[in-house]
Structure formats: structure tokens, C-alpha cells
Amino acid sequence: MSTVTFRIFRFDPERDATGRYQDYQLALEPGITLLNCLNKIKWEQDATLTFRMSCGSAICGSCAMRVNGHSLLACKTQASPLVKDGVIQIDPLGNANIIRDLAVDLEPFWASIRKVKPWLMPDSADNPEKERLQTPEQYLKIDNSTTCIMCAACWSDCNALEVNKKFVGPAALAKAQRFIHDTRDAKRVERLEEISEANGVWNCTHCGECSTRCPTEAKPLGRIEEIREAAMAAGVHDNNGARHVLGFRETVGKRGLLDENYVPVRSVGFFNIPALLDLLPVGIRMFIRRKNPPVIPHSIEKVEEVRKIFSRFEELRKE
Amino acid sequence: MFSHDVLIVGSGLAGLRAALELVGSLDVAVMTKVYPSRSHSGAAQGGVAAALSNVDKEDSVEAHTFDTVKGGDYLGDQDAVEIMCSDAPHAIFEMEKFGCPFSRTDENKIAQRAFGGHSFPRACYAADRTGHALLHTLFEQSMKNGGKLHIYSEWYMLRLIVEDGVCRGVVAMDIKTGRMEVFHARTVLFATGGYGRAFKITSNAYANTGDGITAAYRAGIPLMDMEFVQYHPTGLYQHGILLSEAARGEGGYLLNADGERFMSKYAPKKMELGPRDIVSRSEQTEINEGRGTGPKKDYVLLDLRHLGREKILERLPQIYHLAKDFIGVDALTDPVPIQPTAHYSMGGIPADNDCQVYMDEKGNHVRGFFAAGECSCISVHGANRLGTNSLLDALVFGRRAGKKMLQATHDTPWSPVNEKRELDAARRDVHELLHTSAREDMNTIREELKTTMTNQVGVYRIGEEMEKANGKIKELQARFKDVRVDDKRENFNTNLIEALELSHMLEYSELIVAGALARKESRGAHARTDFPTRDDENFLAHTMAFKNKEGGYELRYKPVKITRFKPEERKY
Ligand SMILES: Cc1cc2nc3c(=O)[nH]c(=O)nc-3n(C[C@H](O)[C@H](O)[C@H](O)COP(=O)(O)OP(=O)(O)OC[C@H]3O[C@@H](n4cnc5c(N)ncnc54)[C@H](O)[C@@H]3O)c2cc1C
Ligand code: SF4
Ligand code: SF4
Ligand code: FES
């Protein structure tokens, strides 16, 4: 058995001015999970070490934490592959305030879930004595998102949240997908409209961290894409995100090139003067750093090829 | 002091279902030591029973009732069983109405599969995360009622307040801050779940430490049938983590070291789909007689390989991942090591068919106090619960509790509560724990308790060994008085919570052993090698354990309600 250093973040806002790391040494038994290591440390070395756990079997979502910089579930993770140069570093979840050590305040996370009205809104006429029918295929459309265990691992590592605390976040979006694609729900379009508003589904930057960190099949980025597709298909276009996509399609599809000046303007809307003014500083900064796109868009060599791909794609989409 | 008309402690299936029945009409609060979605109900995998006849037209409420009575080895109260099985289809349709994502049949109805001890495929399921799907659906409904329902998450109930036979509320602590408060209520429901954590090998969450039953017991309420702890046949070797019975429902085999499907010896007709007590004992017999697998010959194998990749990944994905992540076995290519694991608590707080708690064996009630779900003993499961009947129990009796409380709360005046006295008592308990002589190590005491319970009060029981267990528990209780709680802080003190939980385990374990020692017969999950047969003449009765003034206990018995089915020998 090799002895490993557990470098664990300690912080009690009621007493400490700043956080610090504390090292614990533990001999790793073969096959031991990270949660069992933490429990051994707590039970045998330092009872004041604080973290959450409950089921111990990867279903309750309590034991999410950051290990070597990324979030995971401690109970379902084998410890030995996590060792880097003899050390496993453990921090509390990101994008959250710390209550004590590894326990963070989850209220903003729960609030974000509540924002998407996460309950079925069936047709009021639909008051069955028996079950409503749903095909196995229809069920499979919500199968992934319903595996979410609300562990907030995705929330912790989301890049969009890091810069914008108002972003509803990946777990809430995965939850929203579950109702948008549930054939028993009657508020699909209303849901799509709400979720397409600012700080909703279009604020995700597509970094994919949420899906990488997600310990279940909920994999939020995939669900986000499903919502976006549904919104475009349902004609929910009156928002920045959808306009961005349409702008993209117009410039690439029609002109075979990406007009980087057109897309942002199209996104906020041509007549949305305040939003256009908001864009101005960004434009100026880009100009100063010489990162602005050329005023006259590049033309590309194989314009025809691009157009062909695009129209074929449009055809496929219609089918 | 906080006041609510109704206080529900526990936010699993039973607690949340009850809350939905009450919200809107009364001021309702739900308290939970975790967050609602983290309650242990979420861990249930296999399914929830109801005679919907979606897969086999022949199924009926009557068949379900009979299977349950027989499965419980005739210790279940038959009137209660009948209520549960008759309400079952309604309970499921209602959950479907709330949006529960059930797996579907080719006819687009709720899918159903076979489960041990059930004579028809009647387990409604959502892949192999049925409890998760149901719990999250109820959580969603509680968010829908957000403004009206107060949820106190991460609050720890410390004491139940009962005075002169009337329940007045609880004392609880905000885990995040350590602040203690009296929760004053006209009616209180306990839905605090099971007590399997007192065992070393267990499928139960760390949180399943019997807080509710112990609080009730300390407040003078007897506990019923505590000796009946169910073992589940397929716990992941050394972890106890559950591999759902759905694995066998879908056709998984059990094999011993010789590669033999040993169930042919014990339940030739039902094979792997015999009820849990029988399958667990069969496994233990194989292990005890030297046909176990592995270097220590202490486990058997669950073989899924013949089901094929597609079926395993589609119907049993959670099982596949559990085996892979926790012990590194790929169920597609290798059989999975398993052993019996402590799983379900048939005993608990005695209650009638409307979940009103009894204060004695004669049928007198504690006014304003209700219990539902796994912490209760309405005795629908008798001596052995059939798989998928307990989610059903939680849904059916959660709803019934809510309905009854709706009326009862209106009829119940506010009884005064002495806030200072109750808070002082709770503070004193905590203070004592924090300021012991600190000679004893908590982890050691807990480990010794758990090993004792698994080894000496496990699948097979024998008088002599249980006497030793009894002595050991008494010793551990004494040592606990000097236990060390190093963390002295107020905020998020999980060390203190663990100490409180251990005090519960030490208290109720004694009752498990007491009930088991006194019950000189074998019935359902309670299998004594020194009394191998069922003895209806003397023990067709519920055990009631009362706390006496000296701090010890006293056992009394209460007759079983038999309505339609006369006890007969169980054969599968
Ligand atoms: C691994 C596993 C698989 C299972 N599979 C199935 C299955 O397939 N089918 C089936 O029918 N049954 C199954 N069961 C059994 C079933 O899941 C449980 O019996 C049922 O969910 C219990 O629900 P409950 O509402 O009574 O309690 P729980 O869901 O356990 O909830 C208890 C609640 O009480 C709260 N609580 C406890 N103590 C305190 C305290 N001191 N202060 C505040 N709050 C407190 C907890 O926080 C929690 O919210 C399974 C059980 C396990 C362990
Ligand atoms: S893909 Fe989107 S939601 Fe997911 S982590 Fe990245 S920014 Fe956040
Ligand atoms: S989406 Fe995945 S990572 Fe996010 S809360 Fe749900 S289970 Fe956790
Ligand atoms: S402890 Fe429940 S998910 Fe890890």
C-alpha cells in the first residue's frame, strides 16, 4: 500500500480570514474509493474535517467536490488513479460560497433549478383515471435528462457561470429539457420562450465542461443543444441567441462567409439601440487590440462548396 | 420557536407525498437532514408494485394481496395489506400524472417486470432508478407548491415532544449554523426512513440511522417488530451497495464456486426469483458450507452475461456502472461478486391504517402523531417485505397520512409547549456529548457495533450468539458515555451529528437483539438455527418494545390481524 498525501482545502468563514490547505497522509488500500478515504481521515485523523455524503452509492448527489481542479462524486471514484506526484488535492465545488471546508452553499443552485419551473404542466383536460400513453421512443427522449442527481458538479465547473452569476446553469437546463421534450407537457412553447431569454439556454458557451464532469447520463451540453434545436424549430427566434444562429446561417448560407460584424448586430437586433450601444465598447476594445474582424469580410476560396454543404444541411434538417 | 400547523420530518417518498396532500389547505413544513432530493428513497432501483395488469392480464389486486401476506410469512396485518394493494394502481397513476418518467411497454403503457415473491410481473419501473424517478417527481411537485410549502433542508431533528399522550412538536438543529429551535405543531408526521446502518454490510445510506424511531422511543412510544431486518441477496461484495433485484427479474443467475445455479436446491420453482429471505439464506448456506467463491470463499456470483450487452445496458445500466465503478467488474464479461446485505427495516413506529401512532399494544393512540414509510410499522410487510412493496408503502401510506392529517389537524387544538424546558433538554444532550471524558473512539465503537450486528444478528441467528451480541451492545453503550467528539464548533458539525446518530444505533440495536432473542421461532427474515420452524401458536404476534423508567426495556405482544388468508407453510 502506497502512502498518499491528501491536500484538502480547509475554511471556516466564521473563524478564518482565508482558506488554507491541510495535508493528511493515508495508505491507500487497493480498490478504495475517495469517499472512503475521506471518511478514514475524518474518523481516524481529524474529526473536524467537514464534507457532505449520504448514500455512498452515486445516487444522492451529496458528495460532489473538486479533485485536482475538477468536480466529481467522491463515492463512486477510485482513489488511486487520482494520485498525481503522490498527492490528491481536494477543494470544494466551484461557483459557490463555502459554508465550511468542502461543504458549499447550494441555495443559488436550487434557486436556479426552480427558475425553469421544473414540474410537469399537462393539459388541464388531461386528468386520467389510467396512465397517459407514451411510446418507448418518446420516453427515451427524456431518459438522459431524468438521470440527473442534482449533485452540482456541472455547476461547479461551468465557464459561463464563472463570468455571469445570473446564468441559469447546466443542471437547470438539463432539467428544462426533460419537460420541453416530455410529450405529456402542454407548455412546450412557453417554456422555450422563457428559456431563450437572457441568462438562459443561449448563454452557454459550449465549453462542454458540464458534460465532462456530469457523473450521470444527464450530460447537460447535449440537453442544451436539444433545447436550442427545439427552440429554432418551434420558431422561438425573438432573442439574441436565436438571432445569432439565424445571423450565422444568413451570412454563411447566403454569402458563403462568416461576417463577424453582422452576426453580433443581428443577434441583438438591428433596431435594438441600447443593446447595440452595449456592443460598442466590445468592438472598440477589439479594435484597440487589433482583434476586430475586417470591415469588409474575407471572401473565401471555395464559396460554392460551403454553400453546397449548407444547403444540403438545410435539406437534411427539413427531412 | 417556529410554528406550523403540520410538521413532517423526512422528505423521502412518504414525507413528500404526505406534504402534497396537505399543502394549500394548511401551513405545512417539511424538515430533512439532507436536501429532499437526497433522501434515501432515491436509491431504490428495481420498481414499485401495482397490479396494473399491463403485462399479464391475469394479475389482480387479490393476487398482490396474497403474495404480500405469504411473502411476509403471515406476520403482516392483512387489513393493512389489502389497503395497500388496492390503492396501488391509483398511487401509480397519480405519480404518472405528476410526470414520473416510467419506462413503457410496446403498447405505450407503464412497463412492468417480474420481482421475487410476486406471482405476476407487477413492478412498475423507470429503468433501474425507479426510486430516483419517483422522488424527483415528488420534489418537482413540492417546488411547484414552493411558496406554500416550507422546506427546512439540512435541519436535524433531535427530540420529539410528547406530553400527556399528546404530540406537540420537535426540537431540531440547523446543521449549517448549529442553532436549535423548537418546532411547534398541531400534528407531526415522522417519515424518517429505515435503520439499516447498524449493520456492517448494508445497502443503506449513511443517513439511515433510525433517528426517528429512536426519538419516538425516547419519548415513550413503543417500537414494533424491530427484530425483522431484511437481508437482500445481492449486495456488492464488501460494499453492501445494492444490485437491484431487477437483475434477477431480468433473468440474472446466481452461481456458487462450482458454477452451479444453486437456487435449484432451495426454490426449484421460483429459482432466483424466490423471496429475499429465502434467497439470502440460500446464499449464506452455500457460503457456510464452503461453496463460496474467492480466496476467502465468502461470496457468490451474480451472472448477467447471458442477457447480452443490449439488455444489460438498457434495462440495468445502474447495476452495470455500480459494479464497474465500485469494484471494477465489467458485468458484460464477468460475473459480479455479491453477498447478502442488510437492506430494509420491517419494524418501526407502530401505526394504524391511517398512520396514527399507537402508544401501546391495546390500540390507544398518541394524539397528533403520525408515522409513514420505512420508519413506520403498519405491518404491511410482516416478517419479510417483497421487493417493490416499500416504495408502494411509502406512496400509499404517505398519501393516507396526509389525508387523515388534513382532518385531524383541524380537530386538534394547539397544545402548549414548554419551549425553554425542551430546548434545555436538547442542549443538555448535545453538551454532554461534547464534554465527555473523551476516552473512547467513536469510529471503533461504531465498527464494533456494526460487526456485531452483521455477524451475530445477521441472516442466520442463534440464541447463544445473540446473547453475546446483547452483552457487547451493553458494553458499547457504556463506552459511548466516554466517547470523543473532537469537533466543538457550532456550524456544520458533522462529527456531532455522527455521534448523535451512533447513540441512536446503539439504542435501537439493543431492541433488535431483544426482539430476536425472545422470538423463539423462524419466520420470514428472522431465521434461527436453534428454532428452525415457524411457531404460530406462540409467535403469530407483533413484538412491542417499551422503554421503561430505569432505562431498560420491556417486551409485550400484540395479535396479528388475520382477515382472509389463514397461515400456511410457505413454499416456492
Ligand atoms: C438501495 C436500495 C434499493 C431499494 N430498492 C427498492 C425498490 O426497488 N423498490 C422498493 O419498493 N423499495 C426499495 N427500497 C426500499 C425503499 O427505497 C425505502 O424503503 C423507501 O424509499 C423509504 O422511504 P421513506 O420515505 O420512508 O424514507 P427515506 O426516503 O429514507 O427518507 C427519510 C427522510 O428522513 C429524513 N431524516 C431522517 N432522520 C432525520 C433527522 N434526524 N432529522 C431530519 N430529517 C431526518 C432524511 O433526511 C430523509 O429525508 C430500496 C432501498 C434501498 C436501500
Ligand atoms: S457547456 Fe455551457 S453549460 Fe456546460 S459548462 Fe460549458 S458553458 Fe456551462
Ligand atoms: S446534470 Fe449531471 S453534473 Fe449536473 S447536477 Fe445533474 S447529475 Fe450533477
Ligand atoms: S454519497 Fe450519494 S452520491 Fe456520493
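1. Ligand 1 is surrounded by 36 residues, and Thr32(B), Ser39(B), Ser41(B), Glu374(B) and Leu391(B) are the closest; a residue counts as near a molecule if one of its heavy atoms lies within 4 Å of it. The model is a predicted one, in which local features need pLDDT of at least 70 and side-chain atom pairs count only at pLDDT 80 or more, whereas totals for chains, interfaces and linings use all residues. Residues are numbered from 1 along each chain as its sequence is written, chains are lettered from A and ligands numbered from 1 in the order in which they are written, and side-chain values use heavy atoms, with hydrogens and water left out.

2. An oxygen atom of the ligand is 2.6 Å from an N or O atom in the side chain of Glu374(B). A nitrogen atom of ligand 1 lies 2.8 Å from an N or O atom in the side chain of Ser390(B).

3. Ligand 3 has 13 residues around it, and the closest are Cys148(A), Cys151(A), Ala152(A), Cys154(A) and Cys214(A). By class, its shell consists of 12 nonpolar residues, one polar and no charged. Here Ala, Val, Leu, Ile, Met, Phe, Trp, Tyr, Cys and Pro count as nonpolar, Asp, Glu, Lys and Arg as charged, and the others, Gly among them, as polar.

4. The interface of the two chains brings 57 residues of chain B into contact with 66 residues of chain A, contact meaning heavy atoms within 4.5 Å. About 5,200 Å² is buried between them, and carbon and sulfur atoms give 52% of this area. Buried area is the accessible area (1.4 Å probe) that two parts lose on being put together, summed over both. On the side of chain B, the residues that lose the most area to chain A are Arg38(B), Tyr206(B) and Arg489(B), together 15% of what that side buries.

5. Between chain B and chain A, 28 residue pairs are in polar contact, with both residues at pLDDT 80 or more. A polar contact is a pair of N or O atoms within 3.5 Å; within protein, one must be able to donate a hydrogen and the other to accept it, and residues adjacent in sequence count only if both atoms are side-chain atoms. The side of chain B that touches chain A receives at least two residues from each of helix H3 (78–97), helix H4 (130–144), helix H10 (317–327), helix H13 (442–456) and helix H15 (494–518) of chain B. Helices (H or I, at least four residues) and strands (E, at least two) are DSSP runs, numbered from the N terminus. H4(B) gives the most to this side, with seven residues. By class, the side of chain B that touches chain A has 20 nonpolar, 18 polar and 19 charged residues.

6. Over all chains the count is 81 salt bridges, and nine are found across the interface of chain B and chain A. The rule requires a side-chain nitrogen of Lys or Arg within 4 Å of a carboxyl oxygen of Asp or Glu. Glu140(B) and Arg178(A) form a salt bridge, their closest N and O atoms being 3.8 Å apart. This pair crosses between chains, from helix H4 of chain B to helix H6 (residues 170–180) of chain A. Both Glu140(B) and Arg178(A) are buried, with buried meaning under 20% relative accessible area, exposed over 50% and partly exposed in between (1.4 Å probe, protein chains only).

7. Glu96(B) takes part in two of the listed pairings. Arg184(A) is in the loop between H6 and helix H7 (188–195) of chain A, and Glu96(B) in helix H3 of chain B. Within chain B, Glu96(B) forms a salt bridge with Arg104(B), where the closest N and O atoms are 3.0 Å apart. Glu96(B) counts as buried because its relative accessibility is 0%; Arg184(A) counts as buried at 5%, and Arg104(B) is buried with a relative accessible area of 8%.

8. Gln45(A) is found in the loop between helix H1 (34–44) and strand E3 (64–67) of chain A. Its relative accessible area is 41%, so Gln45(A) is partly exposed. The backbone oxygen of Gln25(A) lies 2.8 Å from a polar atom of the side chain of Gln45(A).
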